[in-house]
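Dear colleague,

I am handing over the structure below, and would ask you to look through the notes on its aromatic rings that follow.

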Amino acid sequence: MKKLLLLGDEAVAQGALDSGLSGAFGYPGTPSTEIIEYIQRNKAAIERDVCRTWSANEKTAMEEALGMSYAGKRTLVTMKHVGLNVAADAYMNSALTGANGGVIVAVADDPSMHSSQNEQDSRFYAKFALMPALEPSNQQEAYDMPEYAFQLSENFNLPVMLRLTTRLAHSRAGVTRKEVLDENEMHLPENPSQFMLLPAFARKNYQKLLSNQEGLLQESENSPFNQYTEGEDKSLGIIACGLAYNYLMENYVDSVCPYSVLKIGQYPLPRKLVKKITAECDKILVLEEGMPIVEEMLKGFLNGNSVIKGRLDGSLPRAGELNPALVRKALGMEDLVSEKIPEIVAGRPPALCLGCPHADTYKALNEVLEPYGKGHVFSDIGCYTLGFLPPYNAIDTCVCMGASITMAIGAAEAGLFPAIATIGDSTFGHSGITGLLDGVKKQANIVVFILDNDTVAMTGMQDSQVTGRIEDICLGVGVEKEHVRVINPLSRLNDENVKIIKEEIDYNGVSVIIPRRPCIHVYSKRKR
Amino acid sequence: MKKDIILAGVGGQGILSIAAIIGYAAVESGYYLKQAEVHGMSQRGGDVQSHLRISDKEIFSDLIPQGGADLIISVEPMEALRYLPFLSEVGWLITNINTFENIPDYPDKAALLEVIKAFPRNVALDAEQIAKDLGSNRMMNMVVLGAASPFLELNYDELEKGIKFIFGRKGDKVVESNLLAMKAGREISDKR
Ligand SMILES: Cc1ncc(C[n+]2csc(CCOP(=O)(O)OP(=O)(O)O)c2C)c(N)n1
Ligand code: SF4
């Protein structure tokens, strides 16, 4: 069969579709977005009517998936690493309810923070939840793992994490397809209390989860994704997790790696295999994309006499993603670089597009805030976060999705005036609504800008959940009608907009201003 | 056969189309391919790059090792230089000379072109002028691809098929003009 040229994300999507997927749930987030986007435009998915619309946030997605699993069908949840924080309540508890139909929680981590506010490693969450995790090293494994994961999930009645990192998620390679499996028939859980976590039942479920750990370990020991290759030279043994395996092998394309290598693609960590390599080799080098979780496990408190090298002893950088050159250095091989970046090259950070509606909103806001000085604008995550950079210098904070409104409330309660929040339409739908409700209840003196550009722009123009509903939501939450104001952010309307913003700052209570103008890319993308 | 190529430019300049066409030609020619792309934040007018790897043997890393690239193909001159540490000792630099100046501290253009000209293995061309002469500067990327084509060790026919495949649904006219743009770039390199 001809190979398909797929991104790692797309390989996961195709692999899941070919393994009886009935529904994919998720919220966009780089580098995970392309999983659901692929399913949304896939012909077979459309014909089969696989559920594939975006959810309001990662928690609602995780819960929707659990519901589908309850009904016996196979389901996939997708998110970026920080999305798992939002989904964490549902996710952690799903380890106790377990799954009926197979559940894959596909989480894409972003080491080096290419498009993220931190570089947390989702494998900690798998360990935390006592859930098995799979970590593909290449696109073919990203395609093959979903079927394996669904089986594992249904055999153990447990969701399975599939962890990706940026470079695999966003890199294309040829993938060979397998036969397509049928979807599950709907069937309810055999045990009627499986999804009931009243304490008495939760305790039982927890015991079951604990007693399953030995079996999960066995699965890892025998997993096709954990491979031990013995080397001639026993001075060093290398444990390479996921993508890091490629960076290792890249340094031996014209030769054979002389060292023993344990390639890890499934967790919990296979204890016997790890013991074998540590016993056979003098030193161990741990290569992992993300945080030094395996390295720390090996080191423990009582490090014994074994030498464990990795991110914690400086053999590799403590933070950031790996690459072939860093691994090369850790192997003690010489650097290949001959040229430096010429001094003349300047940095080119991302910026708001020319004609962006957010730019005009910030211009008006800056004008109004001039007399108050800096430090009044709590912002959020999206394109509009770029308003922190010159020439706008319009916002002061960006923490996590939804934090703009709530931080403004806290600051207003502390006496800061004016306290302004700027939040994108999709971010408002994701986790701003509950914050606005708090504001109304506390009668906080805040002005909330809901920047309605008709799309989820930052992640590539997905549909926003709240399009067409923003005013209704604000009114429903209890914001007064006179203080829900819509403006058109255009520079020729600047004076008018400045006036409205001033009026709302002068109002003592919750005001919402909705600058409404589509992102300049909305039409071109929708046309495609 | 092994070609490791860094594609460089600014978000929106069409480097992913170049990647897709070379990728198509490589796969049709029976080679292995890996292509790392940049999505997300940095697409907003920031620097973007793609690592394109073609080989007759299995490819491991999605990223090209530093010092290992055979080619840098860039649609923007300053971006071309940003990736020099990736270029091997015998690698070539192929770049458009039209600057994209969306930052306040963009360097002096003449000085920038000096640095490029001083690089021993370079092809620097005015892709914007060539594209304009052909009717649309949106095809700048195809002119640059044409200039890079002799260095790719891929059949020119396959690249043409790539253009037809990638732009096919936009109609014959778009395909035709992109083919012309690639050809014009090719001629620059051939004349060199
Ligand atoms: C918990 C979490 N989920 C997802 C993301 C990825 N993400 C960043 S901004 C954003 C949405 C931005 O959309 P919107 O608020 O409408 O602003 P716009 O980019 O359109 O200006 C998303 C999905 C994230 N950073 N954190
Ligand atoms: S993509 Fe749209 S919302 Fe984002 S900066 Fe550009 S114009 Fe603004």
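Rings of Phe, Tyr and Trp (its six-membered ring) count as a pair if their centres lie within 6.5 Å, with planes under 30 degrees apart called stacked, over 60 edge-to-face and the rest tilted. This is a predicted model, in which local features need pLDDT of at least 70 and side-chain atom pairs count only at pLDDT 80 or more, while totals for chains, interfaces and linings use all residues. Side-chain values use heavy atoms, without hydrogens and water, residues are numbered from 1 along each chain as its sequence is written, and chains are lettered from A and ligands numbered from 1 in the order in which they are written.

Over all chains, the structure holds eight aromatic pairs. One of them joins Tyr70(A) and Phe195(A), whose ring centres are 5.2 Å apart and whose planes stand at 80°, so this pair is edge-to-face.

In chain B, the rings of Trp92(B) and Phe151(B) have centres 4.9 Å apart and planes at 45°, so the pair is tilted. Here Trp92(B) is partly exposed at 23%, whereas Phe151(B), at 14%, is buried.

Ring pairs also link Tyr91(A), Tyr125(A) and Phe128(A) into a cluster. Finally, Lys263(A) lies over the face of Tyr245(A), 5.5 Å from the ring centre, where a charge sits over a ring if NZ of Lys or CZ of Arg is within 6 Å of the ring centre and within 35 degrees of the ring normal.

Definitions and conventions:
Buried means under 20% relative accessible area, exposed over 50%, partly exposed in between (1.4 Å probe, protein chains only).
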